[in-house]
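Biologist: I'd like to learn how to read the helices in a model like this. Could we go through it together?

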Amino acid sequence: MSDPSPTVPCGCGISQGERHALAVDPDIKASVLTRLRRIEGQVRGLQKMVEEERYCTDVITQVSSVQEALRGVGRELLRNHLKHCVSSAIRTNDPAAAAAVYDELVDLMFRGAR
C-alpha cells in the first residue's frame, strides 16, 4: 500500500552519515526549486547589469530583490524544518534531542547576528 502523503528527503536528519530531513512536502520542494531557479536567473541578470555598467541604484534595487527572494526561500525551508524535523525531535520525549534542536534553532536564528 502506498503512503498517502509522499515525502522526499532534504537536509536535516541523519542518514548514512549525511543530514536529511524527516519529510519535505513535494509541493514545497517543487516551489523552492522553482524559486531558486528564478533567483539564479536574477543573479545572472545582475552580472549582466554590472558588465553593462548599468546605473548603480538600478543594480542595488535588483540586489535587494534577490535578497528578499532568498529570505522567502529561507522562510519556506524553516517552516518545513519546524513542521517536520523540530516537531519530531520534541515529540520523542527525549530531553537531549529536544535540547539539541532548541540549540540548533537558536544558533540558526543568531547566525547572521555575529
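Modeller: Let's begin with a helix cap. Asp25 caps the N-terminal end of H1, with a side-chain oxygen 2.7 Å from the backbone nitrogen of Asp27. A polar contact is a pair of N or O atoms within 3.5 Å; within protein, one must be able to donate a hydrogen and the other to accept it, and residues adjacent in sequence count only if both atoms are side-chain atoms. This is a predicted model, where local features need pLDDT of at least 70 and side-chain atom pairs count only at pLDDT 80 or more, while totals for chains, interfaces and linings use all residues. Residues are numbered from 1 along each chain as its sequence is written, and side-chain values use heavy atoms, leaving out hydrogens and water.

Biologist: Which residue caps the N-terminal end of H3?

Modeller: That is Asp94, through a side-chain oxygen 3.0 Å from the backbone nitrogen of Ala96. Helices (H or I, at least four residues) are DSSP runs, numbered from the N terminus.

Biologist: Which residues of H3 are buried, and how are they placed around the axis?

Modeller: In general, an α-helix has 3.6 residues a turn, so residues three or four places apart point the same way. Buried means under 20% relative accessible area, exposed over 50%, partly exposed in between (1.4 Å probe, protein chains only). In H3, Ala98, Val101 and Leu105 are buried. They cover an arc of only 65° around the axis (taken from the directions from the helix axis to the C-beta atoms), which puts them on the same side of H3. The face turned away carries the exposed Pro95, Ala96 and Phe110.

Biologist: And which residues of H1 are buried?

Modeller: Those are Ile28, Val32, Ile39, Leu46 and Met49.

Methods
Helices (H or I, at least four residues) and strands (E, at least two) are DSSP runs, numbered from the N terminus.
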